[in-house]
Protein chains: 2
Amino acid sequence: MSSVVHPGRPPSLTERTIEAVRDGVRNGTFVPGELYSVYRLADELGVSRSPVREALLRLAETGMLAIERNRGFRVVLPGARELAEIMAVRIALEVPAASRAARLAKPSDHDSLRVEREAMQQAVVAGDEGAFLLHDQRLHGLLLDLAGNAHVTRIIENLRDATRLVGLSTMKNSRSLDEVYREHLPIVSAVERGDGRAAGEAMRRHLESTGRLLLREAAGENDDVNALWAELIR
Amino acid sequence: MSSVVHPGRPPSLTERTIEAVRDGVRNGTFVPGELYSVYRLADELGVSRSPVREALLRLAETGMLAIERNRGFRVVLPGARELAEIMAVRIALEVPAASRAARLAKPSDHDSLRVEREAMQQAVVAGDEGAFLLHDQRLHGLLLDLAGNAHVTRIIENLRDATRLVGLSTMKNSRSLDEVYREHLPIVSAVERGDGRAAGEAMRRHLESTGRLLLREAAGENDDVNALWAELIR
DNA sequence: TCGACATAAGTAACATGTTACTCCTGATTC
DNA sequence: GAATCAGGAGTAACATGTTACTTATGTCGA
């Protein structure tokens, strides 16, 4: 997304810890609900508690984990309502962003999009949910970058942290990789045609469809998915 | 906004420091561009460097101040482009929020809105820009609360931190308090009628008009306000 | 007058120490 | 057996110590 912008500057221990925790959540080192402590994590990473604490505070702000005073921290799976709220934000921001991306994209950008789209296709064939989610994320990130609003990019990336685990388990359960993949095709082709309106509408259809999928996955006994959807998205 | 939710829990030193810095920026204790240090601020607040540092890190993430390694931190005024980006986000989120607020508001909510609207009117008469901005912020906050999406509320509040100073100087210079006040009237009346579409459209007109005002204020010699607007908002 | 260069002051980033809290565990009582 | 309570283990929040860096300042040679 924003890789080589400040050339040299090595990442701080805090930043490295943030990435380490993100990875740990992705690959199952940190299990949702379990209690962990700054002491132990600092030991395992070979750094002091300060940068670890700073990293956790930042991640806690995005909602992907919760810090409990004098107890520890734990990874939290978003509930149905939180997911609906997040999808509402994504729709509000990513739909216009897709429109703008379509209007601003150059041929070289089309190439980058195609690379990710094809990687997604490969992941579908291979049945690799992790890879699928990775390239899905990159494709959405590319579109946001094209739209040229760094604030929007940052907001969406933070929200994604909170939902990644749900996305993974949803994909694993529903076996609908191909379905989700197909939703991206009209987005990409609209961008290639430079058709802003169509790109926005395709993005909206994709996010609404995927959002409902995620919501059903996360919903508990007493969550009325349709009511939540109506309250926050419609 | 979200006052009495966890009854007792006294605010941590970090939280108190965040508020102290916010206040300091508002009332001119911290001047944009000037360098300040964690050491000194911790002394002045009578706490250690840890909570102060944590507070500054959080505020730096919202963009209202920048931390410079081994130098200090400084309050930053957003440039024209950043302001345009922020207004694009506000439009994308607050317009649908106003629609939802109109559909969900109860009579008691109408009362709360009226209180803030009247306070704004008083501030116009008194020519008190500070009070005007405060109640303007509260009115927007009420509408966001009514829309029921806590993520949206949090995002907008963070963005506001970064723009408050520009808003203040704009109001002081342009003497257009009354104009901005009048833009809120159709929003409030649409909410009272329960007319979601009208509320959204009134909010859009307000944000676009105010956004252009802020942009002109923040624009430097080589900023093309209209081009920025076209790229990010239209 | 001007520029190279040592020196020192000041700082964020990181490490470590301290405190007050939460919760578990197990003994004690009824 | 169940309820109560003391003690201790473990922790986040906060305080303080250390390090490596950046920059201002002044000295000296051309």
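**Where the two domains meet**

In this predicted model, the rule finds one salt bridge across the interface of domain 1 of chain A and domain 2 of chain A. A salt bridge joins the side chains of Arg22(A) and Asp161(A), with an N to O distance of 2.7 Å.

The side of domain 1 of chain A that touches domain 2 of chain A can be described by its helices. Helix H1 (13–26) and helix H3 (49–62) of chain A each supply at least two residues of that side. H1(A) gives the largest share, three residues. By residue class, the side of domain 1 that touches domain 2 divides into five nonpolar, two polar and two charged residues.

The wider layout of the chain comes next. Domain 1 of chain A covers residues 13–75, and domain 2 of chain A covers residues 80–232. Nine residues of domain 1 and six residues of domain 2 take part in the contact. Taken over C-alpha atoms, the centres of domain 1 of chain A and domain 2 of chain A are 27 Å apart.

How much area do domain 1 of chain A and domain 2 of chain A bury between them? The value is about 620 Å², and 57% of this buried area lies on carbon and sulfur atoms.

Definitions and conventions. Residues numbered from 1 in each chain as written. Chains lettered and ligands numbered in written order. Predicted model: local features only at pLDDT ≥ 70, side-chain atom pairs only at ≥ 80, totals over all residues. Heavy atoms only, no water. Domains from an automatic or database assignment. Contact = heavy atoms within 4.5 Å. Buried area = accessible area lost by both parts, 1.4 Å probe. Salt bridge = Lys/Arg side-chain N within 4 Å of Asp/Glu carboxyl O. Helix = DSSP H or I, 4+ residues; strand = E, 2+ residues; numbered from the N terminus. Nonpolar A, V, L, I, M, F, W, Y, C, P; charged D, E, K, R; others polar.
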